[in-house]
Amino acid sequence: MQASSIGQRSAGWGNGLLGVIIFSASLPATRIAVSGFEPVFLTSARASIAAVLALVCLVVLRQPRPGSQDTMSLAVVALGVVIGFPLLSALALEQMSSAR
């Protein structure tokens with residue numbers, strides 16, 4: 001195995017671990033947030049922040065626009081990831097702890 005391949009593999013594991021650590025804090029943070037805000041507001045705020053960050057990344061990295069054949073797939077994923085999971089999680093965490 002070449003050194004660059006080992007480095008890429010290590011970077012992949014590190015990025016994966018960082019993602020798991022960040023995600024593991026999302027439910028406790030949402031539980032704390034629903035004590036002071038409505039779930040719909042939290043979902044809207046998360047979506048807005050994500051949209052601004054994504055737009056900045058796309059512009060800075062000069063990424064091409066997705067093709068028209070990808071629009072429906074992206075819309076379905078966006079509904080689930082940007083709206084569905086955060087909203088349903090926030091609604092559930094109004095009633096129970098994040099430890100469940």
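On the surface, Val77, Leu79, Val81, Val82 and Ile83 make up a nonpolar patch whose members together have about 430 Å² of accessible area. Such a patch takes residues with over 30% relative accessible area and no salt bridge, nonpolar side chains being joined within 5 Å, where a salt bridge is a side-chain nitrogen of Lys or Arg within 4 Å of a carboxyl oxygen of Asp or Glu, and areas come from the Shrake-Rupley method with a 1.4 Å probe. The model is predicted, with pLDDT of at least 70 needed for local features and 80 or more for side-chain atom pairs, while totals for chains, interfaces and linings use all residues. Residues are numbered from 1 along each chain as its sequence is written, and side-chain values use heavy atoms, without hydrogens and water.

Two residues in helices (DSSP runs of H or I, at least four residues) are set out here, with buried meaning under 20% relative accessible area and exposed over 50%.

Beyond four places in sequence, Thr43 is in contact (heavy atoms within 4.5 Å) with Val82, Ile83, Pro86 and Leu87.

Ala33, Val34, Leu42, Ala90 and Leu93 are the five residues of the largest nonpolar core, a set of buried Ala, Val, Leu, Ile, Met, Phe, Trp, Tyr and Cys residues joined through side-chain atoms within 4.5 Å. Apart from neighbours within four places in sequence, Leu93 touches Leu27, Thr30, Arg31, Val34 and Ser98.

Key:
Patch = residues over 30% accessible without salt bridge, like charges linked within 9 Å, V, L, I, M, F, W, Y side chains within 5 Å. Buried < 20%, exposed > 50% of the residue type's maximum accessible area, 1.4 Å probe, protein only.
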